[in-house]
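Have a look at the picture first, then read on.

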Amino acid sequence: MKPKTGRFSYEGAGLSVSDCPDAWRRIGRGHVAGKNWALSSQEGSLRLIDYYAIDQDPAFQAEVVGFSVQEGLLKPVELWRVTFFDDELDGECFSDHCSYEEAFIEADEDETCITKIQGYQATAALCERANVERVDPVIAFEQAALVYLKEHTDAHGVWWQDTLDPLRYSAPRGVIFQSAISAGNISVTEEVGGGQLLLPGPENSVDPLMPELTPSLALKM
């Protein structure tokens with residue numbers, strides 16, 4: 001699920017996983033290929049935080065921002081947002097930029113689709129903690145949240161229950177924290193008939209609605 005060049009990943013510093021590898025092979029054609037690998041946990045099940053259950057919680061947002069600013073991971077800045085309609089996705093999309101000049105070029109010099117917003121810019125420290133070379137402003141908070149969750153919870157990782165729709169480049173996905181793997185709590189084994197993509201094994205299938213995945217149990221605040 002991760003591109004091989006540029007050290008960029010939406011899931012940050014960890015092991016990208018999914019329970020629908022064929023969908024991700026279609027979405028990431030040229031980047032996602034090879035055999036299937038299965039994950040298993042010595043504890044019997046994977047403890048994954050349901051990101052969409054907490055990302056809009058004001059208390060969680062404040063906690064992440066406070067931690068990230070103190071740690072020098074995020075810098076509050078003014079951003080320029082370009083809003084546009086994507087014919088391929090058949091919906092409205094947006095991109096955030098650190099300068100008006102960048103936004104103006106992205107908007108094909110159409111000022112009507114540019115607005116100024118308050119947001120956050122990733123620092124070099126966040127890139128280092130997330131093990132990536134760059135962090136787009138639109139996902140800066142999420143990348144910082146992954147660092148926070150890795151360091152402040154006992155979960156194995158995070159899960160995004162995205163809609164399964166490869167034609168719109170969308171499918172469920174997750175990340176296993178490197179610390180969980182390094183601790184020896186997670187094992188990875190090759191599945192017959194399936195390199196780069198990993199998915200939970202049948203005995204440890206990831207269900208974002210499982211009790212152990214609820215924020216109240218997985219998140220310590």
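Let's start with a charged pair: the side chains of aspartate 96 and arginine 81 meet in a salt bridge, at 2.7 Å from N to O. Aspartate 96 sits in strand 5 and arginine 81 in strand 4, so the pair ties together parts that are 15 residues apart in sequence. Aspartate 96 is buried, with a relative accessible area of 6%, while arginine 81 is partly exposed at 23%.

Some ground rules before going further. This is a predicted model, where local features need pLDDT of at least 70 and side-chain atom pairs count only at pLDDT 80 or more, while totals for chains, interfaces and linings use all residues. Residues are numbered from 1 along each chain as its sequence is written, and side-chain values use heavy atoms, with hydrogens and water left out.

As for the terms, a salt bridge is a side-chain nitrogen of Lys or Arg within 4 Å of a carboxyl oxygen of Asp or Glu. Buried means under 20% relative accessible area, exposed means over 50%, and partly exposed is in between (1.4 Å probe, protein chains only). Helices (H or I, at least four residues) and strands (E, at least two) are DSSP runs, numbered from the N terminus.

The structure holds 7 salt bridges, including these:

| Pair | N to O distance |
|---|---|
| Aspartate 96 and arginine 81 | 2.7 Å |
| Arginine 129 and glutamate 151 | 3.0 Å |
| Arginine 25 and aspartate 22 | 3.1 Å |

Arginine 25 and aspartate 22 are 3 residues apart in helix 1 (residues 21–27), which means they are separated by about one helical turn. Aspartate 22 is exposed, with a relative accessible area of 55%. Glu71, Arg129 and Glu151 are linked in a network of salt bridges. Arginine 129 is partly exposed at 28%, and so is glutamate 151 at 38%.

Back to the strands (two of them pair if DSSP finds at least two bridges between them). Strand 4 (residues 74–86) pairs with strand 5 (residues 91–97) in the antiparallel sense over 7 bridges. Here tryptophan 80 has histidine 97 as its bridge partner, and phenylalanine 85 stands opposite glutamate 92. The hairpin of these two strands has 4 residues between them, and aspartate 90 takes a positive phi near 55° there. Why is strand 5 largely enclosed by the rest of the structure? Because 5 of its 7 residues are buried. Strand 4 also pairs with strand 6, again antiparallel, over 9 bridges; valine 77 has glycine 119 of strand 6 as its bridge partner.

The C-alpha atoms of leucine 149 and isoleucine 49 are separated by 8.6 Å, although the two are 100 residues apart along the chain.

Glutamate 109 lies in the loop between helix 3 (100–106) and strand 6 (114–122), and is exposed at 59% relative accessible area.

Zooming out, the chain has 7 helices and 10 strands, and 47% of its 221 residues count as buried.
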